[in-house]
Amino acid sequence: MGFFERKPSAMQQQTPSVTPAPVEPSGLEHTGAQVIAFANQKGGVAKTTTTLNLAAAFSEKGHRVLCVDMDPQGNLTMSQGIDPDSLEVSMYDVLVHHTSIREVIRRREVDVACASIDLAGAEIAMSTQIGRERSLEKALAPIKPDYDFICIDTPPSLGLLTINALTVASKVIVPVQCEYLSMRGLIQLQNTLSMIRENLNPNVQIEGILPTLVDTRTVHAKEAIELLEENFGDRVFASRITKTVRFAEAPVKGMSVLKYDPDGKAAYAYRELAREVLENGKR
Ligand code: ADP
Ligand code: MG
């Protein structure tokens, strides 16, 4: 059995009261948005960069896109030029006080449901709530018809915020930094996903593993990608995101790389990834 294959479920029978999420049709013939979570419990692997730039690439192709910032660090919020400290309400209020998510959405290149540092307290505040794993699912339900894609950025942990993202998502994209390849980390993520499938969301699947921060000059990067492909086969995207300083420059200007340097290699790489995800959706 491969790393990401689904194990037979024993827990499923024990939780008959949990209503399975509706099966999303693949491709774009759906009635509500396709929800994609970007997850890897390791920090600095380009989760936020990938969430924003893939979202911007979908938007360029004419899709309606919402990004949800589920990281208390608020990097996604900041990378669209929004100051998290200026927010009166944010994802914390959506998850903990059930404020309408519409109140925390700002329209930029894509729509952004904003986060600030107070989100760090959400896991504890939610921990005693019944249905705590489904707070985000409930918050997104009324606005799903408004979008084609909802892209959720997650914090570098497998805690309740990430669990909320995986519970509402139909697809997970896993950015992996090839310099510091950690198989153990991916197995841990896979185990969490198995638990989510058994108890909360039978439909969530790995859409693909994305090699990021690839340094094409080094043999090590090449070997790391080969190792990834040996272990995860066609779950590794054909797209590669190479290292370039553009990714550090663009967020300072509050832009995606697609807007900051539209004809650059970085923008092209995320357009390619968007094409790959849209093609997979048609399979
Ligand atoms: P995470 O959300 O997983 O913590 P980020 O998306 O914030 O990771 O990326 C970590 C850092 O690496 C950021 O400073 C970002 O600008 C930078 N970065 C991301 N992708 C690239 C890339 N392809 N080339 C160079 N720097 C990158
Ligand atoms: Mg991040």
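**View 1. The two faces of strand β6.** In this predicted model, K171, I173, P175 and Q177 point one way from β6, while V172, V174 and V176 point the other way, and all are buried (buried means under 20% relative accessible area with a 1.4 Å probe, counting protein chains only). In a regular strand, side chains alternate between the two faces of the sheet. Strand β6 spans residues 171–177 and is mostly covered, with seven of its seven residues buried. Strands here are DSSP runs of E with at least two residues, helices are runs of H or I with at least four, and both are numbered from the N terminus.

**View 2. The neighbours of β6.** Strand β1 (residues 34–38) runs parallel to β6 and is joined to it by three bridges; two strands pair if DSSP finds at least two bridges between them. Look for I36, which stands opposite K171 of β6. Strand β7 (residues 205–212) also runs parallel to β6, and seven bridges join these two strands. Here Q177 has T212 in β7 as its bridge partner.

**View 3. A stacked pair, F58 and F149.** Rings of Phe, Tyr and Trp (its six-membered ring) pair if their centres lie within 6.5 Å; planes under 30 degrees apart count as stacked, over 60 as edge-to-face and the rest as tilted. By this rule the protein has two aromatic pairs. The ring centres of F58 and F149 are 4.0 Å apart and their planes meet at 10°, so this pair is stacked. Because F58 belongs to helix α2 (residues 47–60) and F149 to strand β5 (residues 149–153), the pair ties together parts that are 91 residues apart in sequence. Both F58 and F149 are buried.

**View 4. An edge-to-face pair, F247 and Y270.** With 5.7 Å from centre to centre and 75° between the planes, F247 and Y270 form an edge-to-face aromatic pair. F247 sits in helix α10 (residues 246–252) and Y270 in helix α12 (residues 265–282), so the pair ties together parts that are 23 residues apart in sequence. F247 and Y270 are both buried.

**View 5. The whole protein, for orientation.** Zooming out, the protein has twelve helices and seven strands. Of its 283 residues, 55% are buried.

**Notes for all views.** Residues are numbered from 1 along each chain as its sequence is written, and chains are lettered from A and ligands numbered from 1 in the order in which they are written. In this predicted model local features need pLDDT of at least 70 and side-chain atom pairs count only at pLDDT 80 or more, while totals for chains, interfaces and linings use all residues, and side-chain values use heavy atoms, leaving out hydrogens and water.

Terms used. Buried < 20%, exposed > 50% of the residue type's maximum accessible area, 1.4 Å probe, protein only.
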